[in-house]
Amino acid sequence: MVRDLGFGDKDQKLDVSKFSPRESVDPAQDPAELGDSAAVRAGFKSREVVERVARVRKPSQPFDQAFVRAPLDVINRFKIFCNETGMSYGEALEELMRRAKV
């Protein structure tokens with residue numbers, strides 16, 4: 001038994017009219033980005049370890065504590081000032097003293 005794979009008859013030509021080239025990928029796009037975007041589309045999540053950033057502290061100086069007893073309204077205003085400015089209580093106290101020229 002002889003198999004005819006479509007090339008048996010020399011007069012018969014292979015019909016390639018249905019073949020067309022694939023759409024090409026933009027060569028300017030980075031292959032790594034292509035892989036990343038395909039992974040995101042497939043739902044993969046990165047296994048890379050998230051690096052913990054160390055906090056940079058200001059130069060060390062001696063610290064002390066002061067307990068302040070004040071009306072609730074004053075304490076609330078002070079806390080609101082700290083929240084809005086993003087300052088710590090110590091930084092806010094220093095800023096308010098600087099503004100008061102103390």
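Leu 14, Val 16 and Phe 19 make up a nonpolar surface patch with about 350 Å² of accessible area together. This is a predicted model in which local features need pLDDT of at least 70 and side-chain atom pairs count only at pLDDT 80 or more, while totals for chains, interfaces and linings use all residues. Residues are numbered from 1 along each chain as its sequence is written, and side-chain values use heavy atoms, leaving out hydrogens and water.

**Exercise 1.** Work out where Leu 14 lies and whether Leu 14 is buried or exposed.

*Solution.* Start with the patch rule: members have over 30% relative accessible area and no salt bridge, with nonpolar side chains (Val, Leu, Ile, Met, Phe, Trp, Tyr) joined within 5 Å and like charges within 9 Å. Areas come from the Shrake-Rupley method with a 1.4 Å probe, and for residues only the protein chains shown count as cover. Next, find Leu 14 in the segment before helix H1 (31-42). Finally, apply the burial classes: buried is under 20% relative accessible area, exposed over 50%, and partly exposed in between (1.4 Å probe, protein chains only). Leu 14 has 57% relative accessibility, so Leu 14 counts as exposed.

**Exercise 2.** Describe the fold pattern and the surface of the whole chain.

*Solution.* Take helices as DSSP runs of H or I with at least four residues, and strands as E runs of at least two, numbered from the N terminus. Now the surface: the chain exposes about 11,300 Å², with carbon and sulfur atoms supplying 55% of it. Of the 102 residues, 4% are buried.

**Exercise 3.** Trace the salt bridges that involve Glu 95.

*Solution.* The rule asks for a side-chain nitrogen of Lys or Arg within 4 Å of a carboxyl oxygen of Asp or Glu. By this rule, the count is two salt bridges. Pair Glu 95 with Arg 98 at 2.6 Å, N to O; both sit in helix H3, three residues apart, about one turn of the helix. Then pair Glu 95 with Arg 99, where the closest N and O atoms are 2.9 Å apart; these two also lie in H3, four residues apart, about one turn of the helix. Put together, Glu 95, Arg 98 and Arg 99 form a salt-bridge network. Now check burial: Glu 95 counts as buried because its relative accessibility is 15%. Arg 98, at 55%, is exposed, and Arg 99, at 52%, counts as exposed too.
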